[in-house]
Amino acid sequence: MTGSMKGSAVIVGAYEHPGRTLPHHTLPQVHREVIFGALADAGLTIDDVDGFFCDSTAPGYGPMDLMEYLGIRANVTASSEFGGATYVAYVGQAAAAIAAGTCRVAVITLAGLPSHAATARAALDTEPGPATAFEGNGFRGGYGPVADYAMLARRHMHEFGTTSEQLAWIKVAASVHAQHNPNAKLRDLVSVEDVLASPMVADPLHRMDCCVITDGGGALVVVHPDVARNLGRKGARVLGYGEAQRNSLQGKVDLTYTANRRAGELAFATSGVTPTQIQYASLYDSFTITVLMALEDLGFCRRGEGGRYVENYGLTGKDGKIPVNTDGGGLMNNHPGNRGGMTKVIECVRQLRGEAAAALQVPDCELALAAGTGFRLAARHYSSVVVLEQFS
Amino acid sequence: MSASYFSAGLPSAPGPAIDPETEEYWTAARRGELVLPYCEQCQDYFWYPRGFCPRCMSANVGWRPSTGAGEIYAYSIVHRAFGAWVDHTPFVIAYVTLAEGITLSTNVVEVDADELRVGLPVIAFFEHNDGDEPVLRFQPKPVTE
């Protein structure tokens with residue numbers, strides 16, 4: 001996003017599916033419900049849409065099938081795959097397409113049904129990448145992503161003295177926020193002791209260090225500022241954006257920072273905003289450690305100090321510190337299709353519009369940040385960061 | 001053997017992708033030897049094996065025998081698993097940094113929970129399960145060495 005693209009697009013529609021378990025839905029149905037929901041929120045119709053952004057899990061021929069089903073005719077279409085980072089990245093990519101004049105009304109959609117057996121089978125059927133193919137005879141079998149993130153937490157503990165208690169404060173904050181979200185999958189208030197007493201999944205991460213698994217989805221409508229002005233609806237202007245990937249670096253592994261560092265630098269540079277100006281942040285929270293490292297990598301606290309930061313301040317906006325994931329986040333509210341990026345942007349839009357839960361609304365929230373990460377931070381992964389500004 | 005002891009004998013999966021670019025690794029592994037891909041241009045190792053150097057694009061890459069010595073960079077004791085691994089929980093996954101300077105993901109076995117720590121010296125060996133290719137794993141390095 002060059003200078004000329006700064007502010008080139010506005011999010012005018014945002015919709016989070018209220019469902020958390022959807023046994024009778026199909027994937028296209030969920031896409032329809034969230035896209036129609038986001039268009040209704042914006043005051044637009046399917047006829048207005050000329051840009052379409054879905055992920056690689058869309059069924060059949062992906063975007064071809066979905067656009068036929070929905071009745072969309074688009075000038076620009078994408079079905080990229082950056083895992084949970086996809087939807088945050090798409091906000092920037094849609095803004096770039098709008099700035100280039102390729103489209104004026106872009107829809108970004110996410111739908112996932114992990115409770116359906118067919119979804120789990122499809123994930124296992126994918127052709128492995130070269131690293132996985134090489135390691136596939138036993139280095140890395142038999143465990144989910146929790147163990148990878150556990151290694152990240154272990155190294156952080158080793159380097160910086162971070163503790164399980166400190167990580168637990170991140171879950172506590174999410175549970176405080178979830179009290180105000182009637183749609184949240186989990187709504188019980190949680191203590192540090194509760195987290196530490198929950199079963200160990202992959203040491204040092206407990207069950208309560210992990211996000212929920214939910215069906216559902218969400219959608220965003222990103223438009224040219226001229227379209228936004230005509231709609232007269234509050235929204236979120238895209239000020240800056242960055243993407244970055246990181247991997248095992250040819251064997252020179254360093255687990256003490258993630259691709260968020262580079263993606264954040266790009267997003268802050270293009271927006272001309274600094275971390276201290278951000279009033280609300282949606283930080284990807286697949287696991288507690290994911291949030292802690294994002295705080296450091298994005299400059300909300302200093303490197304290595306994430307543990308002490310969350311222990312001292314929490315993430316509920318205490319002591320003038322930034323509130324994080326006021327919807328309850330992936331740890332409590334929703335992590336549809338095992339991908340959290342979409343809900344991260346949606347809660348930013350709520351805050352910038354003044355439509356967050358009353359008790360958690362940041363007064364006159366003008367600047368917000370959403371950060372998404374995809375795949376496994378302990379190995380190859382992707383990050384995307386957007387800086388958003390109140391638009392009215 | 002206590003409940004906090006992590007034994008060898010972890011599962012393997014049949015049929016890792018073996019191609020001309022990785023064949024020499026597997027040939028050596030069947031002899032019980034660990035070889036590492038080395039770029040003659042950069043004069044440095046890289047991981048995982050492939051037929052070119054991912055730093056400098058050079059195809060002038062070869063294989064060098066590894067001492068197999070390393071230390072734990074990070075680890076996790078995995079309590080929840082699926083497939084063939086269910087019967088082996090808890091087990092240890094780890095990143096091990098070899099003396100040659102590369103870090104790879106693996107399992108550490110024949111180790112007690114009390115002994116596990118970042119920095120623990122470990123030594124490479126290959127586990128063989130019937131019919132499957134050998135799997136690179138690590139165990140604590142005997143202190144006498």
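A: A salt bridge is a side-chain nitrogen of Lys or Arg within 4 Å of a carboxyl oxygen of Asp or Glu. By that rule, six salt bridges are counted between domain 1 of chain A and domain 2 of chain A. One salt bridge in the model joins the side chains of A:R339 and A:D55, at 3.7 Å from N to O.

This is a predicted model, in which local features need pLDDT of at least 70 and side-chain atom pairs count only at pLDDT 80 or more, while totals for chains, interfaces and linings use all residues. Residues are numbered from 1 along each chain as its sequence is written, chains are lettered from A and ligands numbered from 1 in the order in which they are written, and side-chain values use heavy atoms, with hydrogens and water left out.

Domain 1 of chain A covers 3-124 + 215-237, and domain 2 covers 137-214 + 239-391; such bounds come from an automatic or database domain assignment. Over C-alpha atoms, the centres of the two domains are 23 Å apart. In contact (heavy atoms within 4.5 Å) are 47 residues of domain 1 of chain A and 43 residues of domain 2 of chain A. Together the two domains bury about 3500 Å², with 63% of it on carbon and sulfur atoms; buried area is the accessible area (1.4 Å probe) that two parts lose on being put together, summed over both. On the side of domain 1 of chain A, the residues that lose the most area to domain 2 are A:R20, A:V88 and A:R237, together 21% of what that side buries.
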